[in-house]
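Colleague: I am new to this structure and would like to learn how its features are read. Could you take me through them one by one?

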Amino acid sequence: MPPDGGRRFTFDTVFYAGLKKLTENYYLVEQLLKVKRNCPGEVIGMMELLFYFVAIMQRFQILPPKGKAPRLEGTLGLTYHAVPQELRFVRRE
Ligand code: HEM
């Protein structure tokens, strides 16, 4: 008999206690798995991306390589998007 009067926290005891709780609350668990959940942080995440974009635009001028014009062709796929091109980030004074 362990000194604390019979409570042993082995992997098995903790695992089965957890399993017992899950099965006792089976209907609650089932509902939680069924419902569509949303991300509470998504708007914060999007805002953070906007801040990064704004900070880059405020600090840099984005130009084509020296002496070259930007390539204005596009590629037609699911969308019509600009071809990849080299860019120069010039620090704004
Ligand atoms: C653009 C950025 C983010 C995207 C695309 C995103 C996406 C997701 C997705 C797909 C889920 C799972 C939703 C589901 O269970 O069906 C989720 C859950 C979650 N996200 Fe985000 N996430 C973003 C940013 C964040 C941030 C910044 C935080 C915290 C500050 C956060 C906190 C959470 C939490 C706590 C959950 C669990 C919600 C729940 O279980 O009900 N997320 N997120």
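Modeller: Let us begin with confidence: pLDDT is the predictor's confidence in each residue, on a scale from 0 to 100. This is a predicted model, in which local features need pLDDT of at least 70 and side-chain atom pairs count only at pLDDT 80 or more, while totals for chains, interfaces and linings use all residues. Residues are numbered from 1 along each chain as its sequence is written.

Colleague: In which helix is confidence lowest, and in which is it highest?

Modeller: Helices (H or I, at least four residues) and strands (E, at least two) are DSSP runs, numbered from the N terminus. Confidence is lowest in helix α2 (residues 26-34), with a mean of 86, and highest in helix α3 (residues 42-59), at 97. Over the protein the average pLDDT is 90, and 95% of the residues score at least 70.

Colleague: How many helices and strands are there in the protein?

Modeller: The protein has three helices and four strands, and from the N terminus on the order of its elements is α-α-α-β-β-β-β. The radius of gyration, taken over C-alpha atoms, is compared with a globule rule of 2.2 Å times the number of residues to the power 0.38. Here the radius is 29 Å, well over the 12 Å that the rule gives for 93 residues, so the protein is more spread out than a compact globule. Along its principal axes, the C-alpha trace spans about 85 × 35 × 20 Å.

Colleague: Is Val35 buried or exposed?

Modeller: A residue is buried if 20 or more other C-beta atoms, placed from the backbone, lie within 10 Å of its own, exposed if 12 or fewer, and partly exposed in between. Val35, in the loop between α2 and α3, is exposed because it has 8 other C-beta atoms within 10 Å. Gln58 lies in helix α3 and is likewise exposed, with 8 such atoms within 10 Å. The number of buried residues is zero in α1, so that helix lies largely in the open, and zero in α3, so α3 also lies largely in the open. For the protein, 0% of the 93 residues count as buried.

Colleague: How far apart in space are Gln58 and Leu78?

Modeller: Gln58 and Leu78 are 20 residues apart in sequence, and their C-alpha atoms are 32 Å apart. Val35 and Val83 are 48 residues apart along the chain, with 41 Å between their C-alpha atoms.
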